[in-house]
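Here is a briefing on a structure, for a reader who works with coordinates.

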Amino acid sequence: MAVSRLFGATVKRREDPRLITGKGTYTDDFKLPGMLHMAILRSPYAHARITHLDTSKAKQVPGVHAVLTGQDLEGKVNGIPTAWLIPASDLKTPTYKALATDHVRFTGDGVAAVVAETPAIAHDALDLIDINYEPLPVVTETEKALAPGAPQLHDDAPNNQAFHWTFSNGDPDGAFNGAEVVVRHRFVQQRLIPNAMEPRGAVAQWQSGADELTLYNTTQNPHIVRFLASVTNNIPENKIRVFARDVGGGFGSKIPFYPGDALTIFASQVTGRPVKWIEDRRENFLATIHGRDQITDVELAAKRDGTMTGLRVKAYSNMGAYLSTAAPGVPTWLFALIVPGCYTIQNYSCDVLGAFTNTTPTDAYRGAGRPEAAFLIERMADLLAGELQMDPVDVRRKNFVPADAFPYTSAGTLTYDSGNYQGTLDKALEMADYNGFRQQQQQMRQQGRYQGVGLSTYVEVCGLAPSPAAGAMGFQGGLWEPGTVRMLATGKAVVLTGTNPHGQGEETTFAQLVGDMLGIPAEDVDVVHGDTAAIPMGWGTYGSRSTAVGGTAIYKATQKVIEKAKKVAAHLLEASPDDMVFDSGTFHVQGSPDKKKTIQEVALMANLAWNMPEGVEPGLEESSFHDPTNFTYPFGAHICTVEVDPDTGEVKILRYVAVDDVGVVINPMIVDGQVHGGVAQGIGQALYEHAIYDEAGQLITGSMMDYAVPNATHIPTIETARTETPCPHNLTGVKGVGETGTIASSQAVVNAVVDVLSPLGIKHIDMPLTPERVWQAIQAAKSSGSGSGSGNANQPGQPGQ
Amino acid sequence: MYPSNFAYAAPTSLADVLAQMQAAGDDGKLLAGGQSLIPMLKLRLAEPKTVIDLGKVQSLRGIRVDGNSIVIGAMTPYVDVLDSADVQRRCPLLVQTISQVGDPQVRSRGTVGGSIAHADPAGDLPAAAVALGAVVTATGPSGNHTYDAANFFQDVLTTALEPNEVVTSVSFSATDAPGTGTAYLKHRHPASGYAVVGIAAIVMVGADGNCQAARIGITGAGSHATRATSTEQALAGKPLDAQSVAAACANAADGVDLMGDSYASSDYRAHLIRVLSQRAVLQAAQNARR
Ligand SMILES: Cc1cc2nc3c(=O)[nH]c(=O)nc-3n(C[C@H](O)[C@H](O)[C@H](O)COP(=O)(O)OP(=O)(O)OC[C@H]3O[C@@H](n4cnc5c(N)ncnc54)[C@H](O)[C@@H]3O)c2cc1C
């Protein structure tokens, strides 16, 4: 193959000009002739019985075409499916109706929908729906929901228990018997709201003559939507086309199939007109899935020299009112298997209880389970270091899986493919000048300035991945990917992918990959995604899988194209295929560089098929269906330095260094961009974001005025660097980078803040580390006088008291 | 987010505005820069039948110097105040404050009159207005009225304005006397960017270097902007060093009807008032010495 030029090059994202000049095609940009608009009435109560529902006034409003209630859907629209049925867990999947009929279970549960000529008429008519509720007792917190006497959400889920899932490896209890040191802590992963820039929406067009549905949808996985829409709306899968051109972010929230999607489809069937539903930002806060919301009780056993010997985790996960599409897999498989992280602990157990509560359903949010895991183990590593008075760097070094131990079978029974954890850590320490910072930290303290440094050394599992593993975990889908590469008569190439990039830049990356292999300019390669009519199949974009899995399928398809083109070129050059050399887009006969055909010439001849070799079919198009043999395991070391204002508790990030190893890199700028975005979201969780419910189950951070999505002023310059350890089990060596930033970052920030405050005896503060939380922790530590650094006269002072 | 139906009027004179208001009765709402009203309409927190846009009333725009006062027309956008050489020179507190309002878009649309009339408990300008002893001029069915800022802000989104009164201008006293310095410090809400606590300070430094007089306006912490009168008194005659300023600011939160929310409790807000008052006073004193 040619010496790589496009592969590995910084190429500007081709999708950006259209997106940043407002020329993208999002769901709301589809305007079909005769299209109606739907608005959904949502329960203002977190838990209630519907005692009265009368839609007659709304139906009379001029311009209203239909008003739908749960009754109208009975027998026609099935419940929203849960598609991750984790085995051996006593999983309960109570019916999640697209519109509630008699019982609402969270603030935002849909109760009726209006379909009208304009969005304004539809919204006005919502106000005319006559509905009465009888409020029921509310429970929003996981442990309270599981406790005896709690308000019950579902008859078929006693004690609000959604599942009880356990995992064990080695002899965890044995490790704790007689352990030299045991560190215990409880961590709260607060609830987060994904907040994709484009809210949820759908345009459904039912063609009654043909009995066919076209669904324009903002989704990460159009083929899964096709599958679930078929199941929910009773439409044969081959009669559904799902289309998703530009998708304005997802972060996991656009994996699920939602009630709004099912309703839009049904509304189009009922009215015989295309119907558009676009949620507003308030609805997005209430009715699109939330993320995280997990409490963990963790115990770590170790030797006095810092060797970790055992780990036990008990987790409580808030699933919300119903189980969203992939929800059960997130706090179980995606969380538990990677908890032991980069470390050689072999004795490990994890016990996860999932609970129903009167809150918005939770599901995958960027990182999905793995940020919780990395946070937990990296906080524990620091707590162990504190307990043993060791440097956090040394604790990590002591326990790393060594670079020569790969492939390594972890306590989570995963086979880590390749890695060099020490390598990324060393590089990060050098970039952050860790030793220099530690010296300077003491001097700063003397001057009354409170600075700290936090580490996060992580490994994650992504590139989701072998379909048999999906099956074993109860995921109701496959995880392979197709790739098709087609060369047209004019020498241009079209690539079809079943992944659905929505910000990750694969329109560019895949064009680089294919252009590089075929020796044609990237501009001559078009990447088509998001259309189930054009693309044979696909499982979508999530779990940092698009390039590792979908990209490998495309790589294999391109290899096949080259193989076929070689036969055609040999035939045209009257040579043997075995004598053909392919270099930089040109075939030539070995030893006779002048006897040559460019791949474009071959493409023309293959498409014309005037003169094909015997037994070779016309055209130049090949497909591959790739199912990996393993997940991929990116890793790295992030280091954050912070300064705390002891008077106000404000945290300022001084530097943020991210050294990642995501395998082979196709486009460094895109990889940097993914790290930047991921780190921003991790910093958001560490310092700012928090979805809060009050006792009555009202989301009190239900708007951009209250819920702090970090903006540019909150995020420091992120200094990125990489090492490159190829993935050994796919052809490109790519691992995946979509989630690493989020998985790696929150704990680096928290570890840094705790490092600042540890002389006061502060061991932990739950996220988000708002100024008040930090200030309260300082106050509490000072009043209890528990500072371990009692000899340290430089405790944060409190002027103004 | 779709507002309820409303009629829209865009009169060109103040007289027409008053007539339109009269006609709309209780169901009219004035529109200035729309940076607070439009979101409220979209959320249907406000559902007026008629929206009367002040944008075409030229007489409500502009900044003039009147002796020792800077008089700013109600419809003057924030950005014009920031760009005014007179304001920069004679009343820097307005620049220090307004430059911390929202973002460039908000500052280009939002107006001085809108901010004052809206009386958002977390608005920035009200803190400067009370500290500067601003005078609000309004006109309405019963003629012209003036209000001292101290009595103007009464409660959450509630002012002393009579029904259907229109703010026409706000007059701020200059602080360019020698030895006077000002500062505005703000703890921003990480989501909204509004003031969790905002402190506007004016410090007059005497020939002896001590505090001759100080005025401190507080916003964000309570239902409306107020002065920290006991701290102002405690500062008078005291040295302007960290220790004595800290002592004087210890009771800066006295008399504030503190509010708390999920981001910051009332205790924390009280604490921020003390810390930010202290810092604002020291910074104002430093500016005075320049
Ligand atoms: C994204 C964003 C961020 C913001 N951040 C901040 C911030 O950090 N700090 C801050 O202080 N503010 C902030 N604001 C609010 C901004 O300052 C508003 O512009 C201001 O509060 C109101 O001014 P306006 O001209 O937009 O008034 P409008 O929104 O048009 O009107 C507000 C209210 O005042 C009434 N009103 C307007 N003019 C008059 C008048 N002449 N006489 C009588 N009544 C009148 C209206 O009827 C309405 O009830 C922000 C706004 C946005 C959208």
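The shell around the ligand holds 13 nonpolar, 13 polar and 4 charged residues. The model is predicted. A search of the whole structure returns 0 disulfides over all chains, while the count of aromatic pairs over all chains comes to 23.

**Ligand site**

- The shell around the ligand has 30 residues, and B:Leu30, B:Gly34, B:Leu37, B:Tyr78 and B:Thr111 come nearest.
- Three elements of chain B each supply at least two shell residues: strand S2 (28-31), helix H7 (112-118) and strand S10 (166-173).
- Which element gives the most to the shell around the ligand? H7(B) does, with 4 residues.
- A polar backbone atom of B:Gly34 sits 2.7 Å from an oxygen atom of the ligand.
- B:Ser36 also places a backbone N or O atom by a ligand oxygen, at 2.8 Å.
- B:Tyr194 uses its side chain: a polar atom there lies 2.8 Å from a nitrogen atom of the ligand.
- On its own the ligand has 970 Å² of accessible area, and the protein covers 90% of that.

**Cysteines**

- A disulfide is a covalent bond between the sulfur atoms of two cysteines.
- A:Cys350 counts as buried because its relative accessibility is 2%, and the cut-off for buried is under 20%.
- For A:Cys727, the closest cysteine sulfur is in A:Cys462, at 9.2 Å, again too far for a bond.
- A:Cys727 has a relative accessible area of 3%, so this residue is buried.

**Aromatic pairs**

- A pair of aromatic rings is described by the distance of the centres and the angle of the planes.
- Over all chains, the count is 23 aromatic pairs.
- In one pair, the ring centres of A:Phe187 and A:Phe375 are 5.8 Å apart and the planes stand at 90°, so the arrangement is edge-to-face.
- That pair links distant parts of the chain, 188 residues apart: A:Phe187 is in strand S8 (residues 181-192) of chain A, and A:Phe375 is in helix H11 (residues 370-388) of chain A.
- Both A:Phe187 and A:Phe375 are buried.
- A:Phe285 and A:Tyr707 also make an edge-to-face pair, with 5.8 Å from centre to centre and 75° between the planes.
- Helix H9 (residues 281-287) of chain A holds A:Phe285, and the loop between helix H19 (668-688) and strand S28 (718-722) of chain A holds A:Tyr707, so this pair ties together parts 422 residues apart in sequence.
- A:Phe285 counts as buried, at 0% relative accessibility.
- A:Tyr707 is buried as well, with a relative accessible area of 0%.
- One aromatic cluster is formed by A:Tyr343, A:Phe400, A:Phe406, A:Tyr421 and A:Phe635.

**Cis peptide bonds**

- A:Phe406, a member of that aromatic cluster, is joined to A:Pro407 by a cis peptide bond with omega about -5°.
- A:Pro407 sits in the loop between H12 and strand S16 (408-409) of chain A.
- A:Met767 and A:Pro768 are joined by a cis peptide bond, with omega about -5°.
- The loop between helix H20 (740-757) and helix H21 (771-784) of chain A contains A:Pro768.

**Positive phi in residues other than glycine**

- A:Glu574 has a positive phi, near 55°.
- The position of A:Glu574 is in the loop between helix H17 (546-572) and strand S22 (580-583) of chain A.
- Is A:Glu574 buried or exposed? At 73% relative accessibility, A:Glu574 counts as exposed.
- B:Arg44 is not a glycine, yet its phi is positive at about 55°.
- B:Arg44 belongs to the loop between helix H2 (37-42) and strand S3 (50-53) of chain B.
- B:Arg44 has a relative accessible area of 18%, so this residue is buried.

**A loop residue of chain A**

- A:Asp391 lies in the loop between H11 and helix H12 (392-399) of chain A.
- A:Asp391 is partly exposed, at 24% relative accessibility.
- Along the chain, A:Asp391 and A:Trp165 are 226 residues apart, and their C-alpha atoms are separated by 35 Å.

Terms used
Residues numbered from 1 in each chain as written. Chains lettered and ligands numbered in written order. Predicted model: local features only at pLDDT ≥ 70, side-chain atom pairs only at ≥ 80, totals over all residues. Heavy atoms only, no water. Near = heavy atom within 4 Å. Polar contact = N/O pair within 3.5 Å; in protein donor to acceptor, adjacent residues only side chain to side chain. Areas by Shrake-Rupley, 256 points an atom, 1.4 Å probe, with all protein chains shown as cover. Nonpolar A, V, L, I, M, F, W, Y, C, P; charged D, E, K, R; others polar. Disulfide = S-S within 2.5 Å. Buried < 20%, exposed > 50% of the residue type's maximum accessible area, 1.4 Å probe, protein only. Phe/Tyr/Trp six-rings, centres within 6.5 Å; stacked < 30°, edge-to-face > 60°.
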